[in-house]
Amino acid sequence: MGRGLASRAGCTDTGTKPERPVPLHPKISDWFAQRGWSPRAHQLAVLQATEAGRSALLIAPTGAGKTLAGFLPSLNALVEAPGEGIHTLYLSPLKALAVDVQRNLMRPIEDMALPIRVEARTGDTSAAKRQRQRRDPPQILLTTPEQLALLLSHEDAAAMFKGLKRIVLDELHALVTSKRGELLSLGLARLATLAPDLRITALSATVAQPDLLRDWIGGLVPGAGADLLVAEGGAAPELSILRSAVRVPWSGHSARYAIPELFEIIKGHRTTLLFVNTRSQAEMLFQELWAQNEEMLAIALHHGSLAVEQRRRVEAAMAEGRLKAVVCTSTLDLGIDWGDVDLVVQIGAPKGASRMLQRIGRANHRLDEPSRALFVPSNRFEVLECEAALEAVAQGAQDSEDPVSGGLDVLAQHILGSACAGPFDPIALFDEIRRAWPYRALTWEGFERVVDFVATGGYALRAYERYAKLKQTTDGRFRISNATIAQQYRLNVGTIIEEPMVKVRLVRGRGFTRGAVTGPIGRNGRVLGEMEEYFFTTLSKGDTFLFGSEIVAFEGMFENEAYVSRSTGKDPKIPSYMGGKFPLSTYLADGVRKLIADPSQWHLLPGQVEDWLAVQRDVSLLPQPDSLLVETFPRGERYYLVCYPFEGRLAHQTLGMLLTRRLERARAKPLGFVASDYSIAIWGLADMGALISSGRLSLDELFDEDMLGDDLEAWLDESALMRRTFRNCAIISGLIERRHPGQEKSGRQVTVSSDIIYDVLYQHEPDHILIEASRRDAARGLLDIARLGQMLARIRQHIVHMPLDRISPLAVPVLLDIGKEGVPGEARDSALMEAAEELMREAEGR
Amino acid sequence: MSLVASEPESAVAEAVIGFAAQRLVPLVSGALYWPQENALLVADLHLDKFGAYARRGSLLPPYDTAMTLKKLEADLKATGASEVIALGDSFHRDESHEHLIDADRLRLLALIGAAHWTWISGNHDRLAHGLGGICVPGLERGGLTLVHEPKRNGGGLVAGHLHPAAQIAINGRVTRRRCFVHDGETLVLPAYGAGTGAMNILSPVLAPYFQWDRLEVFMIGRDRVYPVSAKRLVRMGD
C-alpha cells in the first residue's frame with residue numbers, strides 16, 4: 001500500500017480555502033485529471049502559502065494526502081526548471097519513512113516524466129553513495145535530523161545548501177517532543193542562514209497546541225512567518241471497549257482473560273493490529289495467542305528488541321496481506337502503512353487521547369470511512385482509563401506533549417558541529433540559534449557558557465586551556481583546534497542514546513549449580529535478540545522470563561552476552577513489565593478521577609467494576625477530584641499507607657521515594673513502596689494510621705510541597721536516575737564518546753564510566769553546566785516533577801485520611817503489584833549490613 | 001517538618017583482615033592500614049587520569065587527582081601512618097607526574113614530605129620518577145610480598161592492579177561496591193584513585209588469580225567495611 005500520495009476522486013475538503021486561483025502547473029493539473037483526481041483544498045493551501053513566500057504548518061489526519069501537500073510546491077516549481085543542486089530537503093523521524101516516501105514520490109514524477117532526481121540518505125546509505133550525494137546532490141533529498149547534522153558539519157555545507165528552496169518536515173509532532181527536535185531546530189536555523197529564500201512546510205498530526213508548532217517553524221526563516229493550515233478530519237472513528245463476559249482481573253497487564261474473545265475478533269477482520277505498551281507485554285500477549293491458536297491463524301510479533309531482519313520479514317508479510325494480526329508496540333505508531341489494516345486493538349492502558357487517535361489512525365487510510373478501534377483493558381483501573389479515553393476521543397480532546405526546549409547538551413553538540421564546518425562568528429551564531437524555537441530564550445551568557453564548555457570543559461578550575469577543542473582566531477571567530485575533533489564529532493552526532501543492550505543467546509541449561517563462577521557453558525547457541533542491559537541487573541540465575549515468544553531461564557552474563565536456556569516452566573517468574581515509556585496523561589487522569597467520584601456515571605462501566613467502586617464507597621471513601629485520599633490499614637505483620645493521586649507512574653515513583661524518606665525520618669519505619677499509574681502503596685513496621693490519627697504524623701506536613709526542595713535534591717543527586725540522565729547529557733554534549741557496537745569486546749573498558757565522572761564532578765562542581773542539564777532532564781522526564789508539584793499544590797489542605805482495619809477494594813490492585821514490580825534501586829548499605837550479619841550468624845554457628 | 005534522623009544500628013564489628021600472620025585494617029577509603037609497620041598501603045591511585053584523557057580530547061573534570069590526594073591526606077591523618085606504600089599504577093601514565101596542575105603537584109609534594117614513600121611500579125607507570133621517596137619494582141616486608149600485579153608466587157602476596165568490586169543481591173536489590181579480597185595467599189586492594197573503575201571479582205578475567213573456595217571478601221560501605229560471604233556474590237549485568 002504505502003502512504004498514499006494523492007486523494008481519491010469525490011473527496012471534498014472542508015479545510016482552508018485558497019483566496020485566489022492557485023498557480024498549479026498545467027502538467028500537474030493534467031496528471032490529477034488523468035487519474036480522475038483533484039487536488040484537495042489543503043494541498044492547494046500549502047502551495048498558496050509557499051508561493052506567497054510563507055512557511056506553512058499543515059495539520060491533517062492520516063489519509064488526507066499530507067505527503068503530496070508537502071511536496072506539491074516543490075513539484076510545481078521543479079516541473080519547468082529542475083535546475084542543479086538540492087531544491088527540497090525532506091526530513092522525517094524514521095529512515096523507513098524516507099525510503100517509503102521516495103518510492104511514492106517517484107510515481108507522479110515518472111508519470112509526468114519529470115527530470116527530477118529523488119534520493120534518500122540514511123544511516124544505511126553506502127559511504128560511496130553518500131559521498132556522491134555531496135558532490136552531485138539530487139533535487140529532492142530525503143533524510144533524517146541526524147544526517148542533516150552530519151551534512152552541516154562539513155566544510156562544503158554552505159555550497160551544498162545555498163540553492164535550497166523548500167524543506168518538508170514530516171511527523172513534526174513526533175520530533176519536537178524530544179532532543180531530536182532540538183537538534184533539528186538548530187540544523188534548520190543553520191539552513192535558513194545558508195539559504196535565506198527557503199520556505200518550510202511542516203506536516204503534523206493533530207496536537208493539543210497547534211500554535212506552538214506553528215511558532216516552532218515560524219521563527220526559523222527571518223521574514224517568512226508561517227501559516228497554520230488545518231485540514232478537517234474525515235469520518236469520526238468508531239471506538240468501543242471490549243465488554244468481556246469474563247471477570248476483568250484486579251491487576252496485571254496480560255489481558256489473558258480476553259484471549260478467546262480476541263480470536264473471534266481477529267477472525268472477523270482482514271488484518272488486526274494489536275497495540276500494547278511494552279515489549280514484554282507484546283511477548284506475553286503473543287505467547288498467549290499462540291498457545292490458543294488452534295486454527296493456526298497467521299499472527300506475528302513486532303517490537304523494537306527483535307532482530308531487524310525479523311521485523312522486516314513481518315513488515316513484508318503484512319504488506320502482502322499474509323497476516324491476520326500483528327502484536328506490536330509503539331514501533332508501529334509512526335510511519336509506513338503496511339497492509340490493509342481494518343481494526344486496531346489497544347490492549348491495556350491507553351495512557352493518552354492523542355496517542356490513541358494516532359494509533360487508531362493506523363486502521364483504514366481512507367478519509368471518508370471511519371477507522372475502527374477496540375480497547376481491551378487488562379485490569380480494573382484500566383477499564384476506567386479506557387472509558388475516559390473513549391470520552392476524550394469522542395470529544396476530539398488532545399493531550400499530546402508540547403515541544404521541548406533549551407537542552408544545553410544538544411546546543412553543545414551543535415556548536416561543535418558548527419565549528420567543524422568552519423570558523424564561526426559567535427555573535428552571528430548566537431543570533432541564528434535564537435531563531436530556533438527551543439532556544440528562543442537563550443541568553444548571551446548562557447551561550448557563552450556552552451561555548452566555553454565545548455572549548456575547555458567549562459570547569460571553574462581553568463585546567464584545560466592548553467587542550468582546548470575550540471580556539472579563538474584573531475578576528476574573534478572560533479575554530480576547531482585540530483581535524484581529529486571533526487572526526488570524533490561525526491562519530492558522536494545525534495541525540496538518540498541507546499540503552500546499553502546485550503545479546504541474548506540461547507544455550508543448553510546446566511541446572512543452576514550455585515557457586516560455579518567460571519567459564520561459559522556451551523557457546524554455540526543462537527542469538528535470540530537484544531535486551532536492555534539493566535533488565536539483567538535484576539535477575540538471578542534460574543529466573544524465567546519471556547523473550548522472543550519463548551520462556552527462557554537466565555543462566556548468567558558472559559562477556560556482554562546474556563545466556564539463557566529453554567525453560568519447561570509454564571509461567572515466567574519475572575513479568576518484566578517495566579512500566580512502559582508513557583505515563584497516564586493529565587487529561588485522562590482527570591477523566592478517571594471524575595468517573596470514580598460520580599456514581600451517576602457508573603452505569604457506563606461493566607457490572608463488576610461498578611460493584612468494585614460501590615464496595616469501595618461503602619467500606620472506605622471514593623477519591624474526589626480535588627482532594628487526596630489516604631488510606632491506612634494493617635495487613636499481615638505490616639502496616640500500609642495507600643494514596644490515590646492518579647498522576648502517572650513516573651510522578652508516583654518520585655513521590656513514593658520522597659514519602660519513604662520522610663516517613664523514615666518520622667520513625668514510621670517504612671520498608672518499601674510500589675507505584676502504579678493510579679496509586680502508591682507504602683508499607684512499614686510502624687502503625688502509620690495510628691501515628692496520623694494521634695497527630696504524631698501530620699499528613700499536611702508529609703505531603704508538603706517543600707519535599708520538592710531539599711529532599712528531592714538530596715535524593716536526586718545520589719540516585720541512579722540522575723546518573724542515567726547525566727550519561728545521556730555527557731554523550732550528547734560530546735564530553736564522553738558514544739559506545740559503538742562491537743567496540744566493547746575486551747573485558748576492560750577503554751572509556752571511563754560516566755558514573756565515575758559524575759561522582760567526581762558532582763563533588764567539586766555541583767552547579768556545572770552538565771549537572772544542571774542532567775537535573776533538568778531528570779525533573780522533566782523520568783521524575784515528572786512539574787506534574788507532582790501541581791498535584792501537591794492542588795491537594796494542599798485537602799488530604800483526607802481514612803483509617804481502616806483492613807485493605808480497601810481500591811487498594812487491592814496496587815498491593816497485588818508488590819513483589820512483581822522492582823522497587824527502583826537505591827543501593828543502600830542496609831543490604832551490606834544484612835549480608836555481614838548473615839555472615840556473623842554463620843560464624844557463630846546460629 | 002521536624003523530623004529527626006535515626007541512627008543506623010548494627011552488631012557488626014570493625015573489620016580486620018588476618019592475612020599471612022599479619023593484622024591488616026581495611027579502610028572505607030580503599031587503603032589498607034598495617035599497624036605493625038604503621039604503614040598505609042594504597043593501590044592504583046591513577047593520578048592524572050582525567051588529565052590524560054583531556055590531552056587526547058575528552059575534557060573530563062580536572063578534579064580526580066585532587067580528590068585522590070585529599071583522601072590520602074585524611075587517611076594519613078586518621079591513622080598517623082609514617083609510611084605510604086603505593087602498589088603501582090600510582091600515575092595513569094609514565095609522563096603523568098610532569099602534567100599535574102600546580103595545585104595538585106604542591107599537594108602531592110606535601111604528602112611525600114609528610115611520610116616515607118615507596119612507589120612500586122605498575123603497568124601504567126613502569127618508569128621511576130624523581131618526586132621523592134623510592135621507586136621499586138616490588139617489596140618484601142614483614143613476611144609479605146608487595147607488588148602491583150598479583151602473580152602467584154606462594155603466599156603472602158599483597159597487590160593491586162585488578163580494581164576488584166563485589167556485587168551482592170539481597171531482597172531483590174543488587175548492591176555493587178569496591179572490595180578487598182583474599183584467598184589466604186593473595187590479597188588484592190581495591191583501586192584507590194577517584195577516577196578509577198572497578199571490575200566484578202566474578203568476572204572470568206579475574207578467575208585465575210584466586211582459589212575460589214577460600215575467598216574472603218570485604219565490601220566498602222558508606223561508613224564502614226563489611227565482610228561478606230562469598231556465597232552471596234553475584235555477577236549481573238556487570
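Me: In this predicted model, which residues make the contact of helix 2 of chain A with helix 3 of chain A?

Reply: From helix 2 of chain A come A:His42, A:Gln43, A:Val46, A:Leu47 and A:Thr50, and they meet A:Leu68, A:Ala69, A:Leu72, A:Pro73 and A:Asn76 of helix 3 of chain A. By class, these residues divide into six nonpolar, four polar and no charged.

Me: Why are helix 2 of chain A and helix 3 of chain A called oblique to each other?

Reply: The axes of helix 2 (residues 41-51) and helix 3 (residues 66-78) of chain A cross at roughly 45° and come within 8 Å. Angles under 35 degrees count as roughly parallel and those from 65 to 115 as roughly perpendicular, with oblique kept for the rest, and the two helices of chain A, helix 2 and helix 3, are therefore oblique to each other. As for handedness, helix 2 of chain A passes helix 3 of chain A in a right-handed crossing.

Me: What makes helix 14 of chain A and helix 15 of chain A roughly perpendicular to each other?

Reply: For helix 14 (residues 353-360) and helix 15 (residues 380-394) of chain A, the axes cross at roughly 75° and come within 9 Å. The range that counts as roughly perpendicular is 65 to 115 degrees, and helix 14 of chain A and helix 15 of chain A are therefore described in that way.

Me: Which residues of helix 14 of chain A and helix 15 of chain A meet, and how do they divide by class?

Reply: A:Ala353, A:Met356 and A:Leu357 in helix 14 of chain A meet A:Ala389, A:Ala392 and A:Val393 in helix 15 of chain A. This contact has six nonpolar, no polar and no charged residues, where Ala, Val, Leu and Met are among the residues that count as nonpolar.

Me: How is chain A divided into domains?

Reply: The assignment gives domain 1 (26-230), domain 2 (238-394), domain 3 (405-497) and domain 4 (501-512 + 523-566). Taken over C-alpha atoms, the centres of domain 1 and domain 2 of chain A are separated by 32 Å.

Me: What confidence does the predictor give to the chains and to the complex?

Reply: Chain A has a mean pLDDT of 84, with 86% of its residues at 70 or more, while chain B has a mean of 90, with 91% of its residues reaching 70 or more. Over residues 1-12 of chain B, however, the pLDDT is below 50. The complex as a whole is given an ipTM of 0.90 and a pTM of 0.85.

Notes
Residues are numbered from 1 along each chain as its sequence is written. Chains are lettered from A and ligands numbered from 1 in the order in which they are written. This is a predicted model: local features need pLDDT of at least 70, side-chain atom pairs count only at pLDDT 80 or more; totals for chains, interfaces and linings use all residues. Axes are lines fitted to C-alpha atoms, for helices over the stretch in contact, and angles run from 0 to 180 degrees between N-to-C directions. Helices (H or I, at least four residues) and strands (E, at least two) are DSSP runs, numbered from the N terminus. Angles under 35 degrees count as roughly parallel, over 145 as roughly antiparallel, 65 to 115 as roughly perpendicular and the rest as oblique. A crossing is left-handed if the near helix is turned anticlockwise from the far one by less than a right angle, and right-handed if clockwise. Two residues are in contact if their C-beta atoms, placed from the backbone, lie within 7 Å. Domain bounds come from an automatic or database domain assignment. pLDDT is the predictor's confidence in each residue, from 0 to 100.
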